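Thanks for passing this one along.

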Amino acid sequence: MHNERVAGGLRCSEVLGMLSEYADGELGPETRERIEAHLAECDNCLRFGGSFQQLLSAMAANRAPVEPPTAVLDRLALRLSESLPEG
Amino acid sequence: MLNNPRGYTIPEIPTEEELLARAARGEREAFSQLVTMTRGPVYRLALAITGNAADAEDVLQETYLAAYRAAATFRGESSTRPWLLTIARHQAWRVRKRRATAGEAAPIEDAENLESLGVAAGWGSANPEQIATRAQDREILERALERLPEAYREIITLRDLEGMAGEAVAQLLGLALPAMKSRLHRSRLALAACLREEGYHA
């Protein structure tokens with residue numbers, strides 16, 4: 001089981017709970033500083049937190065639009081032309 | 001048309017809102033343009049919720065049929081993209097629920113506490129970097145996403161793959177902002193856990 005440490009005034013489980021907000025820049029400066037103080041002393045949370053942020057970056061890099069396959073688009077166009085009034 | 005100083009005329013690209021307004025007046029060409037601009041995100045959301053291409057295709061068609069019919073009633077309460085995705089989401093969940101087998105419970109907020117989810121994701125492990133490495137591989141990431149429950153896949157698609165703002169995602173899902181953030185965090189940890197497991201099946 002994970003060792004629950006207290007560093008920077010926060011328990012590891014508390015830092016775990018805030019990782020998304022931290023990565024998304026949604027925390028106020030005080031909380032951010034406390035997390036950073038924890039990470040400075042806790043290698044487990046530093047490594048996991050870093051990896052978690054890299055996961056989010058990888059997804060952000062994968063934001064190219066996903067076009068439906070051509071056959072799907074053809075059938076969509078057909079369905080719309082059949083079902084919608086001409087305009 | 002805009003003129004730039006070098007003398008080229010640059011056509012203005014209509015906004016989705018303008019296209020929808022023109023579609024509401026019966027302009028089919030404007031509606032076709034709107035479809036072209038939005039079909040990617042609609043399809044991706046449909047796939048995320050239904051989990052299969054055939055259903056996602058049905059949802060794609062039904063979404064735009066419904067959108068065309070509803071265009072005249074759109075009063076601009078939200079911008080066009082979230083409005084369209086709301087329609088898509090409604091269609092997709094309708095299809096998904098029809099497919100749910102009897103007795104298949106769909107608890108969204110798992111009883112599993114955040115810490116055990118964290119452990120499954122590699123928190124406290126010897127090699128937490130693994131999730132980041134695997135996430136770089138698009139195919140591995142896709143496979144891991146496919147293994148998530150639909151509600152988790154849905155929120156990650158909207159927030160992390162479509163890049164929608166948190167408030168917009170919360171509104172789309174009908175959640176208060178803290179509830180959205182909580183589900184998002186669980187979903188991301190669940191995804192990380194799936195990424196860790198991918199290595200054992202490769």
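1. Ground rules. This is a predicted model, where local features need pLDDT of at least 70, side-chain atom pairs count only at pLDDT 80 or more, and totals for chains, interfaces and linings use all residues. Residues are numbered from 1 along each chain as its sequence is written, chains are lettered from A and ligands numbered from 1 in the order in which they are written, and side-chain values use heavy atoms, with hydrogens and water left out.

2. Chain B overall. Chain B has 10 helices and two strands (DSSP runs, numbered from the N terminus: H or I of at least four residues for helices, E of at least two for strands). Reading from the N terminus, the order is β-β-α-α-α-α-α-α-α-α-α-α. Of its 202 residues, 49% count as buried (buried is under 20% relative accessible area, exposed is over 50%, partly exposed is in between, with a 1.4 Å probe and protein chains only). Take the contacts in chain B between residues at least 6 apart in sequence: 65% of them join residues at least 24 apart (contact means heavy atoms within 4.5 Å).

3. Aromatic pairs. Over all chains there are four aromatic pairs. One of them is B:Phe31 with B:Tyr64, an edge-to-face pair at 6.2 Å centre to centre and 80° between the planes. For the cut-offs: rings of Phe, Tyr and Trp (its six-membered ring) pair if their centres lie within 6.5 Å, and planes under 30 degrees apart are stacked, over 60 edge-to-face, the rest tilted. B:Phe31 sits in helix α2 (residues 28-50) of chain B and B:Tyr64 in helix α3 (residues 53-70) of chain B, so the pair ties together parts that are 33 residues apart in sequence. Both B:Phe31 and B:Tyr64 are buried.

4. A second pair. B:Phe74 and B:Trp83 make a tilted pair, 4.8 Å centre to centre with 45° between the planes. B:Phe74 counts as buried because its relative accessibility is 14%, and B:Trp83 is buried too, at 13%.

5. The core. Which residues have the most contacts inside the largest nonpolar core? They are B:Phe31, B:Tyr64 and B:Leu191, in a core of 80 residues. The largest share, nine residues, comes from α2(B). A nonpolar core here is a set of buried Ala, Val, Leu, Ile, Met, Phe, Trp, Tyr and Cys residues joined through side-chain atoms within 4.5 Å. Leaving out residues up to four places away in sequence, B:Tyr64 touches residues including A:Leu76 and A:Leu80, plus B:Val35, B:Val42 and B:Leu84.

6. A helix contact between chains. Helix α3 (residues 43-61) of chain A packs against helix α8 (residues 150-161) of chain B at about 75°, with the axes 9 Å apart. Axes are lines fitted to C-alpha atoms, for helices over the stretch in contact, and angles run from 0 to 180 degrees between N-to-C directions. α3(A) and α8(B) are therefore roughly perpendicular (65 to 115 degrees; under 35 is roughly parallel, over 145 roughly antiparallel, the rest oblique). A:Leu56, A:Met59 and A:Ala60 meet B:Ile156, B:Asp160 and B:Leu161.

7. Beyond neighbours within four places in sequence, B:Thr63 is in contact with B:Val42, B:Leu84, B:Ile87, B:Ala88 and B:Gln91. A:Ser51 belongs to helix α3 of chain A and is buried at 2%. With neighbours within four places again set aside, A:Ser51 is in contact with B:Pro128, B:Glu129, B:Gln130, B:Ile131 and B:Ala132.

8. A loop proline. B:Pro14 is in the loop between β2 (9-10) and α1 (16-24) of chain B. Is B:Pro14 buried or exposed? At 16% relative accessibility, B:Pro14 is buried. B:Gln33 is 19 residues from B:Pro14 in sequence and 9.2 Å away in space, C-alpha to C-alpha. The contacts of B:Pro14, leaving aside neighbours within four places in sequence, are B:Leu19, B:Arg22, B:Gln33 and B:Met37.

9. An exposed residue in chain A. A:Glu30 lies in helix α2 (residues 29-41) of chain A and counts as exposed, at 66% relative accessibility. A:Glu30 and A:Arg75 are 45 residues apart in sequence and 54 Å apart in space, C-alpha to C-alpha.
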